[in-house]
Amino acid sequence: MDVVLAAHSGLRWLVLAGLVAVIAWAFTGDRSGVPTWVRVVGGIFALQVVLGLVLYVADQGWEQGPFLAMWHPVAMIAALGVFQVGTARAGRGEGPPRVLGLFTLVALVLVLAGIPWFRPLM
Ligand code: HEM
């Protein structure tokens with residue numbers, strides 16, 4: 001599972017950078033719709049959650065202390081849900097893209113709060 005853990009650890013940076021980029025895009029200029037690259041960010045985000053689920057089962061996440069057993073998965077799955085709702089609403093043209101920016105901001109806060117920063121950086 002070393003490879004999966006390394007991928008899961010490294011992908012965090014792509015997810016964080018992607019969410020910051022979506023927020024910057026949504027709050028600047030006259031925007032509409034959901035461009036393909038925002039969907040790609042959503043795909044990377046979803047892949048990260050799937051890798052997390054694999055690690056949780058393979059490395060017995062429930063035995064790795066309360067943070068990784070409970071808070072980490074709950075915060076990350078909730079964050080993905082919030083982001084998906086934001087992109088779905090923006091995709092249907094409900095509200096200005098600022099709405100996508102706000103949903104993504106909430107998702108980013110959840111991800112930042114859910115990352116086990118106490119572990120050594122790989
Ligand atoms: C955007 C979503 C996620 C991000 C950014 C993220 C990030 C991380 C990071 C940075 C680590 C520490 C890696 C290291 O020590 O090198 C980690 C570990 C872990 N994550 Fe996630 N994670 C996410 C989603 C999930 C989800 C949804 C689950 C479970 C359902 C999960 C389960 C785990 C487990 C079990 C570990 C510890 C693995 C081990 O050391 O054996 N992650 N995660």
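## Ligand shell

Helix 2 gives the largest share of the shell around the ligand, with seven residues. The model is a predicted one. Helix 1, helix 2 (36-58) and helix 3 (65-91) each contribute at least two residues to this shell.

Which residues come nearest to the ligand? They are S9, G52, D59, G61 and P73, out of 25 residues around the ligand. By class, the shell holds 15 nonpolar, seven polar and three charged residues.

## Overall fold

The protein chain has four helices and zero strands. Along the sequence the pattern reads α-α-α-α.

The C-alpha trace spans about 45 × 25 × 20 Å along the principal axes of the protein chain. The radius of gyration is 15 Å. A compact globule of 122 residues would have a value near 14 Å, so the two agree.

## Helix 1 against helix 2

Two packed helices are described by the angle between their axes and the distance between the axes. For helix 1 and helix 2, the angle is about 150 degrees and the axes are 9 Å apart. Angles over 145 degrees count as roughly antiparallel, and helix 1 and helix 2 are therefore roughly antiparallel to each other. Their crossing is left-handed.

On the helix 1 side, the contact is made by V4, L5, A7, H8, L11, L14, V15, G18, L19 and V22. Helix 2 brings V38, V41, I44, F45, Q48, L51, G52, V54 and L55. The residues of this contact divide into 15 nonpolar, four polar and no charged. G52 of helix 2 belongs to this contact and is also one of the residues that come nearest to the ligand.

## Helix 1 against helix 4

Helix 1 (residues 2-27) also meets helix 4 (residues 98-114). Their axes come within 8 Å and cross at roughly 155 degrees. That makes helix 1 roughly antiparallel to helix 4. Is the crossing of helix 1 and helix 4 left-handed or right-handed? The crossing of helix 1 and helix 4 is left-handed.

Helix 1 makes the contact through V15, L16, L19, V20, V22, I23, A26 and F27. From helix 4 come R98, L100, G101, T104, L105, A107, L108 and V111. The classes in the contact of helix 1 with helix 4 are 13 nonpolar, two polar and one charged.

V15, L19 and V22 of helix 1 take part in the contact with helix 4 and in the contact with helix 2.

Note on methods. Residues are numbered from 1 along each chain as its sequence is written. This is a predicted model: local features need pLDDT of at least 70, side-chain atom pairs count only at pLDDT 80 or more; totals for chains, interfaces and linings use all residues. Axes are lines fitted to C-alpha atoms, for helices over the stretch in contact, and angles run from 0 to 180 degrees between N-to-C directions. Angles under 35 degrees count as roughly parallel, over 145 as roughly antiparallel, 65 to 115 as roughly perpendicular and the rest as oblique. A crossing is left-handed if the near helix is turned anticlockwise from the far one by less than a right angle, and right-handed if clockwise. Two residues are in contact if their C-beta atoms, placed from the backbone, lie within 7 Å. Ala, Val, Leu, Ile, Met, Phe, Trp, Tyr, Cys and Pro count as nonpolar, Asp, Glu, Lys and Arg as charged, and the others, Gly among them, as polar. A residue is near a molecule or strand if its C-beta atom, placed from the backbone, lies within 6 Å of it. The radius of gyration is taken over C-alpha atoms; the globule rule is 2.2 Å times the number of residues to the power 0.38.
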